[in-house]
Amino acid sequence: MQTYIVIKGAREHNLKNIAISIPREKITVITGPSGSGKSSLAIDTIYAEGQRRYVESLSVYARQFLEQLRKPDVDSIEGLSPSIAIEQKTVTKSPRSTLGTITEIYDYMRVLYTRIGKPYCYQCGSLITAQESGNIIDSVMSFPQGTRMQIFAPIVRDRKGEYKKELYEMLRDGFIRARIDNRMVDLTQDIQLKKQQRHTIEVVIDRLIIKPGVERQIKNAVDSALRYADTVIINLLDENRDIPFSRTMACPNCGISYPEINPRFFSFNSKHGACPRCNGLGFENMDEESTELTGNRECRLCKGLRLRKEALSIKIQGLNIAEFARMSVSNAIPFVNTMQLSDREKTIGLRVIKEVRDRLSFLAKVGLGYLTLDRLSLTLSGGEAQRIRLATQMGSSLTGVLYVLDEPSIGLHPRDCARLLESLSSIRDAGNTVIVVEHDEETIRWADHVVDMGPGAGLRGGWVVAEGSPLEIEDNKNSLTGKYLKGELSIPVPDKRRQPKDFIKIIGASEFNLKNITVKIPLGVFTCVTGVSGSGKSTLVLEILYKALAKKLYEGKITPGKYSEIMGMDNIDRIICVDQSPLGRTPRSNPATYTGIFIYIRDLFTQLQDARVRGYSASRFSFNISGGRCDSCHGGGTLKVAMHFLPDVYIPCNVCKGKRYNKETLEIRYKGKNISEVLEMTVSEAIQFFSAIPLIRQKLEVLEDVGLGYIQLGQSATTLSGGEAQRIRLSKELGKKSTGKTLYLLDEPTTGLHFVDIQKLLEVIDSLIALGNTVVVIEHNLDVVKSADHIIDLGPEGGEKGGMVLASGTPEEVSMNPDSYTGMFLRSKLLKNNTARKT
């Protein structure tokens, strides 16, 4: 077997025809400045070619459902294994998707509750017992005299198929009527059921009226029904109401009968298990496509537990499945490990419990112990989503696979990073190859092999500057990363800390896991809110501070998290929250449209002589409006191809070749470039190109100031990382006039940033504060934390064990606090900087 993945002539995006060998069954970190070509090499070349080869290896039948994937621009890749990419944008953003469903923990628990769960009456709380035919007959005879009814035997329940054989057998046994999919049919007729649709078939065993002497008829009908099914359905004709009786499930006191219990009974995505009021969403009047939870009211029927009352009445160790799902991963582990089961239950549940236990332990190993199993996927950060996928892969027991990860350390406190690295090592030790795109210093030092891309971004990048072990990178004079690792270059600690000019005081913050805390946020300075993952940072800053100020300043309908009082809000006249949510959900959104630069570019093109002669308005140069855009792809430049059992892919339009516009529009040129070629420019190129147009140049310069000189103006929003999307938002806000009383809230702005780019970000923050504004940043990166004027450290742990203020003060003060994990890591960082200064 080859010991290296050998890549020759890689030219994807800005790669400069590079050749490189990456060791197999090792951890390789690809690092370098933002835009230097790391993702182009790891994701767009190595992983893309691995995926393409996988598709080509499938059978002809399978390939007919898949589009031919484009070959990356590379001469050859040898030694390539089947590849799996674990990125930040691969988790379904749906109100029906949770941590439990993504990891299949909830699915295994549905099986466990089906097999060993104990059902209780939802009315009186008694343990449900099996019903014999005599009990069913007594219940039927208890209906008032004159009650008209039909007795059904459900022979098929919500399953796909044509069922010709079953229908023929029932007709042969003398039954001539059935209710199929809620419609009465005559079995003597030719019944055609669609094979790919789910059907429910209930055969009419008898029709009768309650009256003296009818008992024998009822007994015969019930006994007949139970020969064909475990459930008997009594249909009250005058009320058009069904009453199910099961010979396995009924309350001895209330007579309440349960339907057949199977895994679908516990699924909030199935009509068999979902709460009928909220349809399994847990909120009232919530849209199936919704990605926003704010303002939704908890369902009054299920209290947010998403399931019907019968499913919630089945328990293991006193908990129903929804109560189990509300546990954090850390709390679920001891619950599963200490289940008191009988010998029979152990035999039935042993394999299922092992699968659940393993998946829970993998989640804990990657630092996600604080997440609850019912946590909605649409509330997960990019880093959390990626580590969930990593935990899922750890449980797959695959070997000989190439894993490509994109910044797995995002959102991780330094304390938790070691656990992540141990997890990556276990994947490697199982005989797999791991390639990681990363800037985190600890991850780089942990690697077996490092590839340093650069030397710059965009056109100035795309070269392999250095490769080797972390120590070899340190000693390489050409490596910018090496100079930071060795300490020759570093982000300096400020000479002095700025003093606050006032405070915002939050009193009694108690949303989610916050423990009724009081926090003072200094104004006119740079504050970092720190703490381990899940400690309450986002809740404090985004759910309470941001939403309370936004509601006051803009009189919106937004609902802040719980608090008693906020003092000092009058000191702020504008609030800007810059998070990592995508700029747009389709490839049409891009940096030029989002920042407003494209408006000025289109106006410029309308003023050109050729455009004026033809009468072209600004709309002619919009790819969202018919007229100037390509009619084939409607201005998208790409066509979406459904890959069925693989993720959808976008391929270039075969008419405009990805240029978005029609031939006539592309004939209009400014300085030799048409509108499509302008959109293909990087920000740095465009600054030179539009140097004589101040309105455009100034907005572009702000993008470059936040470290985005390498991105293309027309780059699809769907290809941008969370960190890039956040910095584009920041640049848009920086382009607006400052009031000097603006509060900027940033959520982990260092995502995707190399050491040199972090320095640029800190300079932008300093410029905002110099104008009198306040900047509050949620951050784990110690180079940013040590540069703050003030730190608020939350903890001590994540989830229920978090939500308290551990330390507050300058970095020096926090570093001396023995209770603070952040302080412990900060102490060594400040010590290293002081030593470097002296030398």
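Modeller: Rolling a probe the size of a water molecule over the atoms shows where empty space is left. In this predicted model, the largest cavity holds about 60 Å³ of space. The count of cavities of 30 Å³ or more comes to 1.

Colleague: Which residues line the largest cavity?

Modeller: Its lining consists of Thr595, Ile597, Lys699, Val702, Leu703, Ser731, Lys732 and Gly735. Two or more lining residues come from each of helix 24 (694–705) and helix 25 (722–734). Helix 24 provides the largest share, with 3 residues.

Colleague: Let us turn to the strands. Why is strand 1 described as largely enclosed by the rest of the structure?

Modeller: The reason lies in burial, for which the cut-off is under 20% relative accessible area. Of the 7 residues of strand 1 (residues 4–10), 5 are buried, so the strand is largely enclosed by the rest of the structure.

Colleague: Which strands are joined to strand 1 by bridges?

Modeller: Strand 2 (residues 18–23) is joined to strand 1 by 5 bridges, and the two run antiparallel. Within this pairing, Tyr4 stands opposite Pro23 of strand 2. Strand 4 (residues 74–78) is likewise antiparallel to strand 1, with 4 bridges between them. There, Ala10 has Val74 of strand 4 as its bridge partner.

Colleague: What is the general rule for side chains in a regular strand?

Modeller: In a regular strand they alternate between the two faces of the sheet.

Key: Residues numbered from 1 in each chain as written. Predicted model: local features only at pLDDT ≥ 70, side-chain atom pairs only at ≥ 80, totals over all residues. Heavy atoms only, no water. 1 Å grid on protein atoms, 1.4 Å probe; cavity = no way out; pocket = protein on both sides within 12 Å on 5 of 7 lines; lining within 4 Å. Points joined across faces, edges and corners; volume = space filled by probe spheres on them. Buried < 20%, exposed > 50% of the residue type's maximum accessible area, 1.4 Å probe, protein only. Pairing = 2+ DSSP bridges.
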